[in-house]
Amino acid sequence: MTGRRVNNRLTYLTLTAVAFFFTIPLYYSIVVASRDNASLASVPPPLFPGGNFFENVSRVFDTVPFGLAMLNSVFVAGSISISVMFFSTLAGFAFAKLRFRGRNILLLMTVGTMMVPTLAGIIPLYILMVKLEWVGSLYAVVVPALVNAFGVFFMTQYLSRALPTELLEAGRVDGCTTWGLVWHVVFPAARPAAAVLGMLTFMTAWNDYMWPLMVLTPENPTVQVALSTLAAGYVNDYVMGLAGTALGTLPLVIVFAFLGKHIIGGIMQGAVKG
Amino acid sequence: MATRAPERAAPPRRPGGKRRLTGRHWRHMVDVKASPYAYVAPFFLLFCAFGLFPIGYTLWVSLHEWTLLDDEHTFVGLENFRVLLADSYFWNATFNTLSIGLLSMLPQLLLALWLAHLLNRPLRAQNFFRITLLLPNVTSVVAVVVIFSQIFGRDFGLINWVITSFGFEGVAWRDGTLSSHVAISTMIMWRWTGYNALILLAAMQAVPRELYEAATIDGASSFTQLRKVTVPMIRPTIAFVVITSTIGSMQIFAEPLLFGAYTLTGGQDRQYQTLSLFFYENYMRLDFGFSSAISWMIFVFILIIAGINYLLTNRMKGSIR
């Protein structure tokens with residue numbers, strides 16, 4: 001009995017230590033972001049936040065179009081998540097519950113491409129954007145991301161478990177068309193998983209870096225592109241770089257801290273089935 | 001086909017409305033037969049245009065001398081691949097990618113397994129620990145690199161301060177091959193260990209409780225249970241984690257780019273240029289044929305590693321049973 005209790009204490013102690021190491025870099029970024037560059041050189045380095053945060057932030061806004069970048073990122077990530085939620089639910093419903101010729105082969109194709117790296121198609125995608133004259137515009141970031149294989153796979157898995165076939169049959173007997181079923185039965189049933197998918201997609205889109213860097217310009221950036229402009233051009237201005245980082249990261253981290261339970265549930269569910 | 005079947009299927013309780021019934025049933029047939037395609041079509045149209053088509057077209061571009069500025073694209077066969085395989089920078093980038101991949105993946109997997117094992121028991125504040133595990137993953141790569149570049153700084157970095165306060169000499173992390181690989185691997189580990197731990201934890205929770213009860217009665221320690229019960233039971237998920245981390249590590253891009261303050265070569269001596277960064281360097285030269293060949297080689301490497309991983313997992317399964 002006592003052995004077990006000691007064991008449990010050890011577990012809590014270890015997990016707390018790990019939690020400490022997982023949060024310390026974020027904490028330290030706030031420390032640096034709220035100091036001035038001169039104080040970083042002191043020994044020992046500053047370990048607590050100072051009072052320069054807002055001054056550093058205003059320099060960020062003077063250096064890169066950070067307000068525009070925030071708006072762009074909210075627009076990009078928002079529209080991508082809504083679209084992925086909608087189209088994945090439709091396709092996931094068809095794959096999970098409807099019978100049609102070619103269903104298995106189409107599903108297999110979708111799952112198979114989940115393992116293909118994004119890099120494999122990125123050059124033709126760029127050529128396509130040049131042809132469409134979308135380089136530099138947000139279309140180039142939003143349109144290719146409107147659907148993805150993971151979303152369809154995720155919703156197919158969820159709906160085949162969570163949507164009772166009897167309910168669909170009952171709806172059919174009552175004279176519902178398929179669209180009626182989608183509207184009255186599928187969408188309400190899909191809501192919990194779609195919400196998780198939406199949050200995951202929002203995070204991925206918000207943090208996406210390589211593709212926006214390739215097709216957007218520093219004048220019309222997303223948050224990540226603006227941050228990399230800061231990191232690239234002002235190498236020795238640590239406090240400004242980290243003030244921008246804190247500003248671009250903290251909203252998402254705070255939202256996550258509140259909704260994290262659901263997102264984690266979604267990741268873990270997807271994993272067991274995958 | 002649509003006219004006969006509804007007649008037979010028509011419910012007899014509504015006689016009289018034969019024409020209406022046929023029309024209704026015809027519509028019903030169309031609904032049942034065709035509407036599934038309508039639901040998958042938007043996904044597939046967009047997916048083919050922006051997902052599948054580009055992947056295939058990459059191969060086509062890689063067989064040409066193709067730059068953005070020329071309208072003429074000369075077919076050169078496998079010339080781009082021949083030049084690529086003879087390019088020492090390519091093999092240097094391959095070495096760096098594998099080295100960083102191994103340095104980050106092995107400790108990461110062990111740590112993730114151990115963390116998942118610790119979390120796989122009734123604990124208070126379970127959600128708090130899970131959320132802190134995933135916090136680094138919510139942080140964007142760009143932010144991670146900016147933060148860690150400061151922490152790994154030569155003069156004012158936190159880590160060098162700790163090292164020097166123990167009386168050792170500070171490390172110029174960016175300058176050496178091994179030291180820069182360690183720094184970059186640390187960033188990757190910090191961002192992904194918690195995520196992988198949660199995926200492994202999900203699989204562990206599906207392992208039947210009785211197995212652990214039986215092991216406890218037999219006097220197996222917690223560590224023995226992890227080794228003898230948990231790991232064999234969740235092997236498919238471990239394979240999944242290894243494969244996805246492999247795909248991820250073949251595409252490491254932001255870390256070397258921003259750690260080197262946006263230099264495309266990854267250090268003066270290319271000591272930490274990865275394959276993705278090598279790709280990006282050639283893309284920036286607008287040499288699309290050559291960079292397409294690079295992205296295909298990355299794809300091939302992933303297939304090879306996935307194949308090896310598949311064989312090893314099967315082998316292990318065979319030897320244990």
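Helices in these legends are DSSP runs of H or I with at least four residues, strands are DSSP runs of E with at least two, and both are numbered from the N terminus. With that in hand, residues 182-203 of chain B can be described as 100% helix and 0% strand, with end C-alpha atoms 30 Å apart. Please keep in mind throughout that this is a predicted model.

**Figure 1. Chain A as a whole, built from helices.**
Chain A holds twelve helices and zero strands, so let us start with its overall form. Read from the N terminus, its elements run α-α-α-α-α-α-α-α-α-α-α-α. The C-alpha trace of chain A spans about 75 × 70 × 30 Å along its principal axes. Its radius of gyration is 23 Å, whereas a compact globule of 274 residues would have one near 19 Å. Of the 274 residues in chain A, 42% are buried.

**Figure 2. Confidence along chain A.**
The mean pLDDT of chain A is 87, and 96% of its residues score at least 70. Which elements of chain A have the lowest and the highest mean pLDDT? The lowest mean, 80, belongs to helix 12 (residues 238-273) of chain A, and the highest, 96, to helix 6 (residues 139-142) of chain A.

**Figure 3. The annotated transmembrane spans of chain A.**
The unreviewed UniProt entry lists "transmembrane region" at residues 12-30, 66-93, 105-127, 139-160, 181-206 and 238-259 of chain A. Residues 12-30 of chain A are 100% helix and 0% strand, and their end C-alpha atoms are 27 Å apart. Residues 66-93 of chain A are also 100% helix and 0% strand, but here the end C-alpha atoms are 40 Å apart.

**Figure 4. Where the two domains of chain A meet.**
Domain 1 of chain A is assigned to residues 1-63 + 235-274, and domain 2 to residues 77-233. Their centres, taken over C-alpha atoms, are 29 Å apart. Between them, 15 residues of domain 1 of chain A are in contact with twelve residues of domain 2 of chain A. On the domain 1 side, helix 2 (53-63) and helix 12 of chain A each supply at least two residues. Helix 12 of chain A gives the largest share of that side, 13 residues. By class, the domain 1 side has five nonpolar, nine polar and one charged residues.

**Figure 5. The face that chain A turns to chain B.**
How many residues does each chain bring to the contact? Chain A brings 72 residues and chain B brings 73. Several helices of chain A give two or more residues to this side, including helix 1 (2-33), helix 3 (66-97), helix 9 (178-207) and helix 12. Helix 12 of chain A supplies the largest share, 17 residues. The chain A side comprises 54 nonpolar, 17 polar and one charged residues.

**Figure 6. Domains and annotated spans of chain B.**
Chain B is divided into domain 1 (4-52) and domain 2 (87-320), and the C-alpha centres of these two domains of chain B lie 49 Å apart. UniProt, in an unreviewed entry, places "domain: ABC transmembrane type-1" at residues 94-309 of chain B. That stretch of chain B is 75% helix and 0% strand, and its end C-alpha atoms are 18 Å apart. Residues 128-152 of chain B are 88% helix and 0% strand, with 28 Å between the end C-alpha atoms.

Helix 6 (residues 141-151) of chain B is mostly covered, with eleven of its eleven residues buried. Among them are B:Val141, B:Phe148, B:Ser149 and B:Gln150. Why does B:Gln150 count as buried? B:Gln150 has 24 C-beta neighbours inside 10 Å, and a residue is buried if 20 or more lie within that distance. Setting aside neighbours within four places in sequence, B:Gln150 is in contact with A:Val32, A:Tyr238, A:Leu242 and B:Gly157. The C-alpha atoms of B:Gln150 and B:Phe259 are separated by 9.5 Å, although these residues are 109 residues apart along the chain.

Key:
Residues are numbered from 1 along each chain as its sequence is written. Chains are lettered from A and ligands numbered from 1 in the order in which they are written. This is a predicted model: local features need pLDDT of at least 70, side-chain atom pairs count only at pLDDT 80 or more; totals for chains, interfaces and linings use all residues. UniProt positions are given in the numbering used here, feature names are shortened, and annotations may be inferred rather than shown by experiment. Domain bounds come from an automatic or database domain assignment. pLDDT is the predictor's confidence in each residue, from 0 to 100. Two residues are in contact if their C-beta atoms, placed from the backbone, lie within 7 Å. Ala, Val, Leu, Ile, Met, Phe, Trp, Tyr, Cys and Pro count as nonpolar, Asp, Glu, Lys and Arg as charged, and the others, Gly among them, as polar. A residue is buried if 20 or more other C-beta atoms lie within 10 Å of its own, exposed if 12 or fewer, and partly exposed in between; C-beta atoms are placed from the backbone. The radius of gyration is taken over C-alpha atoms; the globule rule is 2.2 Å times the number of residues to the power 0.38.
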